[in-house]
Amino acid sequence: MTFTSWQFGLFVAIVFGAYYLPPLRTFQIQLLVLASLFFYGYGQPELLPLLAVAVIGTYLLLILALRNRRLWLPVGIAFNLLLLAFFKYKFLFVAPASTELTGVAGFDFLLRLPLPIGISFFVFHNISLLVDLTRRKAAAPDLKSIFLYIIFFPQLVSGPITRAEMFMPQIQPKYFADIPFIDAAKWILTGFFFKLYVANNLNEMTSYMDFPLYETLQTQDRWLLVFLYGYQIYADFFGYSAIAIGLGLLFGYRLPVNFNLPYISTSFSEFWTRWHISLSSWLRTYLYIPLGGNRHGPLRTYLNLMIVMGLGGLWHGAGPSYLTWGLMHGLLLVIERPFLARLQSLDSVVFRGVRIGFVFICVTMLWIFFKLPNFDHAISYLWGMFTPSTNPNPPKLFYNLALLYSLPVMIQHLALHPRFERTLCGAEPYLYGAMAALMYLEAGPDTAFIYFQF
């Protein structure tokens with residue numbers, strides 16, 4: 001069930017109406033758990049048992065780890081990583097359409113199951129739960145609270161990835177009078193606008209980046225589409241995260257902000273503090289620091305950065321394109337690290353603009369490997385950006401529409417300027433009204449959120 005469907009709107013209205021009824025207040029957690037199971041099972045009911053196994057298995061291992069952390073915490077982490085690896089990377093070794101696999105009926109059934117939506121996100125929640133609670137040696141929460149933390153429907157499919165120590169204390173009775181309706185409405189309206197107006201319309205153009213359509217493009221259009229895809233993936237994922245934050249507020253839960261104007265970053269390390277913040281924070285807390293972080297000298301730090309970013313790339317998908325994307329980001333972090341202090345000391349408007357432009361171009365070029373998971377297709381597309389086009393009848397892209405659909409992302413990032421920001425704040429009611437009108441009148445064809453595939 002996607003956020004942009006009418007079924008989801010009806011679903012939220014029913015759950016919201018029941019959630020705050022005084023007779024049901026003592027059952028709010030159970031209601032949200034049942035609603036989340038319905039939300040997840042609406043599209044893949046056959047995978048509900050897998051979700052239950054992941055949650056209950058993690059709960060049992062948490063109880064054991066609270067008694068003996070040294071033994072059972074690694075077992076709990078391994079259980080979740082094996083679950084993720086099996087479903088996400090099994091097709092590297094078996095063909096999904098194969099009629100004969102292992103000959104063992106039960107195992108073949110598992111091999112033929114599709115990739116569970118959101119498995120990367122709920123596995124990361126499971127690991128956070130195990131690490132955070134056993135580190136504090138807290139008492140094990142009840143099973144319904146564990147279920148709610150892991151499968152809370154606004155964040156279940158694509159995050160934000162919420163730390164257990166941030167979410168669990170919020171599990172308490174909620175009251176209608178405490179709902180921050182204005183903040184929730186702003187987040188939800190902004191999210192739907194960026195998804196429906198920006199991302200869905202840009203998708204109509206960036207679909208030409210797919211193989212074999214990109215072979216018909218002019219050279220300059222290949223360049224244009226790469227930048228449009230950079231705007232699209234931001235608008236798509238920021239839109240989802242904003243809707244999730246707004247929905248969380250409606251039900252009394254504060255989810256972490258996942259994006260903070262990443263395209264004005266002056267360094268690659270700053271970019272990763274602004275883009276998919278919850279994933280960056282998770283990787284830093286549960287992978288980079290345990291590997292040693294920057295505590296063992298420059299060479300070990302560089303190696304840790306490459307490992308973390310390489311695994312971050314593979315987290316998105318099993319394939320050389322995702323690995324290349326991650327490793328290239330790691331390499332950029334390594335290259336800039338010795339010069340960061342010197343670069344930050346040269347603080348001028350012009351130099352800052354040059355740094356922003358350089359980081360933006362590098363990040364945007366690497367989206368090619370993200371858009372085209374087939375490595376050969378990604379290289380072919382990249383090669384075509386530097387060779388003249390020979391197609392006598394290329395598709396016509398409407399540059400004026402490309403600008404109109406990209407403009408909200410540009411304006412949002414430029415609003416950092418104090419004078420511009422004050423102007424926008426004064427016109428806030430008109431701004432949200434215009435967003436609602438454009439979202440309704442000029443929404444692009446419905447497409448799934450990009451991060452659903454992860």
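Guide: Start in the middle of things. The largest nonpolar core has 133 residues, and Phe251, Tyr263, Trp275 and Tyr381 touch the most other members. Helix α11 (residues 219–250) gives the most to this core, with 18 residues. This is a predicted model, where local features need pLDDT of at least 70, side-chain atom pairs count only at pLDDT 80 or more, and totals for chains, interfaces and linings use all residues. Residues are numbered from 1 along each chain as its sequence is written, and side-chain values use heavy atoms, with hydrogens and water left out.

Visitor: What makes a set of residues a nonpolar core?

Guide: The members are buried Ala, Val, Leu, Ile, Met, Phe, Trp, Tyr and Cys residues, joined through side-chain atoms within 4.5 Å. Buried means under 20% relative accessible area, exposed means over 50%, and partly exposed is in between (1.4 Å probe, protein chains only).

Visitor: Which residues does tryptophan 275 contact, leaving aside its neighbours within four places in sequence?

Guide: With those neighbours left aside, tryptophan 275 is in contact (heavy atoms within 4.5 Å) with Ile233, Tyr234, Asn258, Phe259, Pro262, Tyr263, Ser280, Trp367 and Tyr451.

Visitor: Why is the pair glutamate 270 and arginine 274 called a salt bridge?

Guide: A salt bridge needs a side-chain nitrogen of Lys or Arg within 4 Å of a carboxyl oxygen of Asp or Glu. Here the closest N and O atoms are 2.8 Å apart, so the pair qualifies. Both residues lie in helix α12 (residues 268–274), four residues apart, about one turn of the helix. Helices are DSSP runs (H or I, at least four residues), numbered from the N terminus.

Visitor: How do you know whether glutamate 270 is buried or exposed?

Guide: Its relative accessibility is 18%, which is under 20%, so glutamate 270 counts as buried. Arginine 274 has 14%, so arginine 274 is buried too.

Visitor: What about aspartate 142 and lysine 144?

Guide: Their closest N and O atoms are 3.5 Å apart. That is within 4 Å, so this is a salt bridge. Aspartate 142 has a relative accessible area of 35%, so aspartate 142 is partly exposed. Lysine 144, with 33%, is partly exposed as well.

Visitor: How many salt bridges does the structure hold?

Guide: Eight.

Methods
Helix = DSSP H or I, 4+ residues; strand = E, 2+ residues; numbered from the N terminus.
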